[in-house]
Amino acid sequence: MQKLTTQAEWAARAQEVLPAGGFGNFDHSVFIKEGKGSRVWDEDGNEYIDYLIGSGPMLLGHGNEEVLEAVYEQLPKGMTFFANNAAAIELAEEIISATPCGEQLRYVSSGGEADMYAIRAARAFTGRDLVVKFEGGYHGMSAEAQMSLAPTKLVNFPMAVPDSAGIPESVRDQMLIAPFNDFDYIRSLLVEYGDQVACIIAEPLQRIIPPAPGFLELLREEADKYGIVLVFDEVVTGFRFAYGGAQELYGVTPDLCTQGKVIGGGFPLAATVGRADIMAHFDKAKVGAEGWLMQLGTLSGNPVAAVAGLKTMEILKRDGQYDRLRQIGQRIIDMTATELNAHDIPHRIVGDQTLFEVVFTERDVSDYRDVLKADAQKGAAYNKVLREHGLFKSPGKTYPSLAITEADLDQTHAAIKAAAAHIAEG
Ligand SMILES: Cc1ncc(COP(=O)(O)O)c(C=O)c1O
């Protein structure tokens with residue numbers, strides 16, 4: 001019988017061909033071989049309940065039969081054309097009708113690109129350069145987005161701290177960094193710089209931190225006051241928080257938003273979406289060569305991704321899907337609170353029912369610096385026990401999927417119970 005390659009062997013091979021031996025920042029020792037429904041299996045044969053769901057896209061779970069069927073139907077017809085295709089137009093129509101700010105959209109292949117173009121479009125539209133970004137906010141890997149994403153050196157606001165080498169200082173000088181959920185700070189920042197600011201870019205729920213009541217409304221008011229483009233990064237929240245995303249759930253409509261993850265049904269597809277007068281900057285015939293924003297991508301509007309996204313959205317639109325997703329999330333939140341409280345372990349469960357995380361802290365979490373003050377060691381120990389008990393998740397987020405079953409919830413509860421007991425032992 002052929003010997004299987006173990007994860008350790010794969011990891012050694014990965015080290016040879018990939019810097020740091022992996023694709024990004026997720027644990028490089030794990031090699032996922034297969035996913036089906038709510039579960040994934042690694043190359044050593046370990047089975048897990050998947051709360052990572054591909055970092056968000058697999059909201060329906062893995063290998064959804066209807067999505068597979070749509071993809072199988074498309075594959076023999078062609079995988080990519082560069083030219084327009086009907087499936088991507090239908091998907092655009094669906095995204096636009098679902099999204100409160102949606103009038104037109106531009107496709108790209110990743111959420112980070114969608115954010116980069118949203119910022120660029122805001123600059124083209126306003127003729128201004130400055131960008132307001134929140135400390136700890138994640139908007140992909142562009143030079144602007146790499147400012148004060150996860151700084152360990154905490155400087156005075158609004159000074160930006162680059163999280164990556166290779167970014168010219170001039171980019172830093174175009175960024176104004178603010179603390180999330182700080183009403184007074186935003187007001188005073190804009191009194192000083194408001195008429196030079198092209199956009200405010202925000203995750204409506206920043207990583208796991210919900211907006212304080214009224215905070216998104218304040219951003220809307222202040223953006224209007226100074227003619228600033230308000231951008232909501234809905235790469236995570238789009239089609240997850242509600243069919244119309246966080247802007248529907250919270251009732252605040254930005255000028256532009258970015259969509260990714262769920263809309264590609266597990267394939268690479270994302271979009272910059274929003275007001276037609278801003279999106280007009282992608283159209284030379286409308287704005288002329290001076291105002292035009294050149295934007296191309298080989299796989300943009302890819303038909304395989306488009307049919308997968310369309311089918312995913314058709315399923316999400318069916319009665320009760322979001323209620324069910326929220327119920328699953330709430331059950332996990334409740335069992336977590338019960339088990340941690342049973343041992344009097346100080347914590348906060350931060351987020352939304354559709355994505356959340358336990359933070360080991362005695363204080364409420366309302367911005368990035370509050371998360372930094374939490375007990376990261378306890379978090380790591382807790383996550384380690386969850387993994388040992390068959391839960392697969394990122395260290396910073398729990399993503400429930402619609403594929404989670406009662407049996408999964410029972411096993412999840414047992415894992416959480418064990419992790420809480422472990423933390424209590426110290
Ligand atoms: C809020 C947010 N914006 C943008 C991105 C970047 O998306 P992508 O990884 O598709 O470039 C992510 C990725 O996790 C995200 O969470």
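This report covers the ligand site and the sheet of a predicted model.

Residues are numbered from 1 along each chain as its sequence is written. In this predicted model, local features need pLDDT of at least 70, side-chain atom pairs count only at pLDDT 80 or more, totals for chains, interfaces and linings use all residues, and side-chain values use heavy atoms, with hydrogens and water left out.

**The ligand site**

There are 13 residues around the ligand, each with a heavy atom within 4 Å of it. G111, G112, R207, D233 and K261 come nearest. The shell divides into three nonpolar, five polar and five charged residues; Gly counts as polar, and Asp, Glu, Lys and Arg count as charged. Helix 4 (residues 111-126) gives the most to this shell, with three residues. Helices are DSSP runs (H or I, at least four residues) and strands are too (E, at least two), numbered from the N terminus.

The table lists polar contacts (pairs of N or O atoms within 3.5 Å).

| Protein atom | Ligand atom | Distance |
|---|---|---|
| G112, polar backbone atom | oxygen | 2.8 Å |
| D233, polar side-chain atom | nitrogen | 2.7 Å |
| K261, side-chain N or O atom | oxygen | 2.7 Å |

Taken alone, the ligand exposes 390 Å², and the protein buries 79% of that (Shrake-Rupley method, 1.4 Å probe).

Seven strands form an open, mixed sheet in the order 4-10-9-8-7-5-6. Two strands pair if DSSP finds at least two bridges between them. Strand 4 (104-108) and strand 6 (175-178) are the edges, each pairing on one side only. Strand 8 (residues 229-233) runs parallel to strand 9 (residues 256-259), joined by three bridges. D233 stands opposite T258 in strand 9.

Key
A polar contact is a pair of N or O atoms within 3.5 Å; within protein, one must be able to donate a hydrogen and the other to accept it, and residues adjacent in sequence count only if both atoms are side-chain atoms.
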